[in-house]
Amino acid sequence: MSKIAENIINKLNKLNKENFTKDEIFKLVLDVTKDNQVKFIECGDIKLDRTDMTISVKGKKTRVEKLSFNLLVYLIDNNGETVSRDILMRDVWGEEVCVTTRTIDVCICKLRNIIGKEKIQTIKKVGYSFVK
């Protein structure tokens, strides 16, 4: 068994609870794996720094909110694929948070202003796609 798996099991046992929600497990896994994550993500001239939630484009560094940062990471991880707004709401914001599609549109607009409008395509009535 890997060290990460052991740490997850240990944390679950320490909570002394029998049933967990998906969000609780997801948060716990993120907390445990946080130390093992890559600190920087590079995609062309875009560089993301997880330690201070900044996005650098051609040397210009911009700090963004955590959800906007996570949204961009998610889109980059799914590079070239169309990701629906519903999937973004579920995977980036979580199922227990009340988010409208307009919230996502506003975050996308802010990200486009930082990284360039051409990097995130709108797929009408579906969602978005990151273009490398």
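Analyst: I123 stands opposite G127 in β7. Strands here are DSSP E runs of at least two residues, helices are H or I runs of at least four, and both are numbered from the N terminus. Mind that this is a predicted model, where local features need pLDDT of at least 70 and side-chain atom pairs count only at pLDDT 80 or more, while totals for chains, interfaces and linings use all residues. Residues are numbered from 1 along each chain as its sequence is written, and side-chain values use heavy atoms, with hydrogens and water left out.

User: OK, what stands opposite T122 in β7?
Analyst: That's Y128. Strands β6 (residues 120–123) and β7 (residues 127–130) pair in the antiparallel sense over four bridges; to count as paired, two strands need at least two DSSP bridges between them.

User: And which residue takes a positive phi in the hairpin of β6 and β7?
Analyst: K125 does, near 60 degrees, in a hairpin with three residues between the strands.

User: What order do the strands have in the open sheet?
Analyst: β5-β7-β6, three strands with antiparallel pairing. The edges are β5 (83–84) and β6, each pairing on one side only.

User: Which helix packs on the sheet?
Analyst: Helix α5 (residues 101–115), which touches β6 and β7 and runs at about 150 degrees to the direction of β6. Contact means heavy atoms within 4.5 Å. For the angle, axes are lines fitted to C-alpha atoms, for helices over the stretch in contact, and the range is 0 to 180 degrees between N-to-C directions.

User: Switching to α4: which residues are buried there?
Analyst: R85, L88, M89, V92 and W93. Buried is under 20% relative accessible area, exposed is over 50%, and partly exposed is in between (1.4 Å probe, protein chains only). They cover an arc of only 100 degrees around the axis, so they sit on the same side of α4; that arc is taken from the directions from the helix axis to the C-beta atoms. They pack against α3 (66–77), β5, α5, β6 and β7.

User: Why does R85 count as buried?
Analyst: Because its relative accessibility is 16%.

User: Which side chain does R85 join in a polar contact?
Analyst: Y128, at 3.3 Å. A polar contact is a pair of N or O atoms within 3.5 Å; within protein, one must be able to donate a hydrogen and the other to accept it, and residues adjacent in sequence count only if both atoms are side-chain atoms.
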